[in-house]
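Please examine the model shown below. The paragraphs that follow lead from the surroundings of the ligand to the aromatic contacts.

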Amino acid sequence: MLKNKKIVYFCQECGYESTKWMGQCPGCKAWNTFVEEAVSPKKSSGSGKSQEKRQEPVMLKDINLTEDERQTCGIGELDRVLGGGIVPGSLVLVGGDPGIGKSTLLLQVCRNLAQKDVSVLYISGEESLRQIKLRANRIGDFTDKLQLLCETNLEAIREIIERKKPDVAVVDSIQTMFHEDISSAPGSVSQVRESTNVLMQIAKGMGVSIFIVGHVTKEGNVAGPRVLEHMVDTVLYFEGDRHASYRILRAVKNRFGSTNEIGVFEMRNIGLEEVKNPSEFMLNGRPKDASGSVVACSMEGTRPILVEIQALICQSNFGIPRRTAVGTDFNRVNLLMAVLERKVGVHLASSDAYVNIAGGMKMTEPAIDLGICLAIVSSFKDIVIPDTVMAFGEIGLSGEVRAVSMAGQRVQEAKKLGFETVILPEVCKSSVEKTQGIRLVYVSQVQDAISYIMKHG
Ligand code: TYD
Ligand code: MG
């Protein structure tokens, strides 16, 4: 029996395969991620099923696109992240920490689709029918186009999908699914891979759109969705602070759309609700007349999002000052502080600095550089920047304020939210139209922006 089994080692992080155990994965350089798994050689050397039906080549012009029309799921934020709706026959992976709201989101998708007369099959390997019903009761009314199934055996799932022919199926979660041919436990790399393979054959072969839920785990025996990323069409990550109520859906890979779009949701007691205007949501509860705070703007895909940047500068008690950055790149903050020190003459060398993006958002676009600098100077010099001022612009090493993309849209967003002044790069002048009711302050050096707030703060 054992002779038929081959022992191989898989990296839990990236799926790297090796015949012997290694401390560090050569693929992703993670430490201590290799786990032993027994695979039957027959299975690993080709999937057999692909030979049953041989395909003939077809001409590109003969491929009919009309049947590939996207299906909108009634949740605008998700549709946008998907690139305009669900593509028939696509395989979408929704990853995220346990408890973040993946099942809730997909159940809501199922509900909306079922109401539009799309036949939907929700397969759960984690919860009982009763538990799903309890969740469904919180979300709202359901129609009978939604079918539920509690099953973890993939052959059974394949058989049911072939029989019921749903348009959309949800598999919650991939870590609970298992394939009889593979001896290792559900959740192991080979099980997760083989299960995804089977789901892919179903999706492509029958034109069923399948959503796969995958829990992200940092360690432990369950294979994270990272090993599946290359197999599926679209990878969405659902993230957010478990303590804050909002959640962000981000596309990391999308064969049918852009990957910089994000969708913002709020977790309520009736399920997830779309946040149509994230800027307003992020700026909620901003302190008035406090130094060290300024509003900046970052583009997330096609949408400008305004966030409050906070900085706290205080006298350092030790020889080496402490620097912390929450929600943005730590090295970038250090770089900007060096620019302020050298080019503007703000002496931060003996000060601790804490920079934070309020609301728990993570932003790395260089357009928030100017905001970070202004917040630091505002805290250091204890000047209040009026809460009607917004600033954006990338800062270079010689203290110059550089151009950023889509300046006009950022200005429009500020205007929509009632800001009166926008500090922006001089070089963006040609791309921004004069707008009534908002003052545009063009700066070419970070020093100019600082002088402006010193005068008007
Ligand atoms: P869930 O969708 O089960 O997470 P996942 O599938 O990603 O593991 O989300 C569960 C969390 O969401 C749980 O802590 C309860 C909370 N929740 C609400 O706050 N409101 C609701 O209406 C629902 C259904 C869940
Ligand atoms: Mg779940």
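**Ligand surroundings and aromatic contacts**

A polar backbone atom of Gly-271 lies 2.6 Å from an oxygen atom of ligand 1, where a polar contact is a pair of N or O atoms within 3.5 Å; within protein, one must be able to donate a hydrogen and the other to accept it, and residues adjacent in sequence count only if both atoms are side-chain atoms. Of the accessible area that ligand 1 has on its own, 560 Å², the protein covers 75%; accessible areas come from the Shrake-Rupley method with a 1.4 Å probe, and for residues only the protein chains shown count as cover. This is a predicted model, in which local features need pLDDT of at least 70 and side-chain atom pairs count only at pLDDT 80 or more, while totals for chains, interfaces and linings use all residues. Residues are numbered from 1 along each chain as its sequence is written, chains are lettered from A and ligands numbered from 1 in the order in which they are written, and side-chain values use heavy atoms, with hydrogens and water left out.

Two further backbone contacts involve oxygen atoms of ligand 1: a backbone N or O atom of Gly-101 is 3.0 Å away from one, and a polar backbone atom of Ile-100 is 3.4 Å from one. The residues around ligand 1 number 16, and Gly-99, Ser-103, Thr-104, Arg-268 and Gly-271 come nearest; a residue is near a molecule if one of its heavy atoms lies within 4 Å of it. Helix H3 (102-115), helix H4 (129-139) and strand S11 (262-268) each supply at least two residues of this shell, and H3 gives the largest share, three residues. Helices (H or I, at least four residues) and strands (E, at least two) are DSSP runs, numbered from the N terminus.

The structure also holds three aromatic pairs. The rings of Tyr-16 and Phe-34 form an edge-to-face pair, because their planes stand at 85°, with centres 6.4 Å apart. Rings of Phe, Tyr and Trp (its six-membered ring) pair if their centres lie within 6.5 Å; planes under 30 degrees apart count as stacked, over 60 as edge-to-face and the rest as tilted. Tyr-16 lies in the loop between strand S1 (6-11) and strand S2 (17-18) and Phe-34 in strand S3 (residues 34-39), so the pair ties together parts that are 18 residues apart in sequence. Phe-34 is buried at 5% relative accessible area, whereas Tyr-16 is partly exposed at 33%; buried means under 20%, exposed over 50%, and partly exposed in between (1.4 Å probe, protein chains only).
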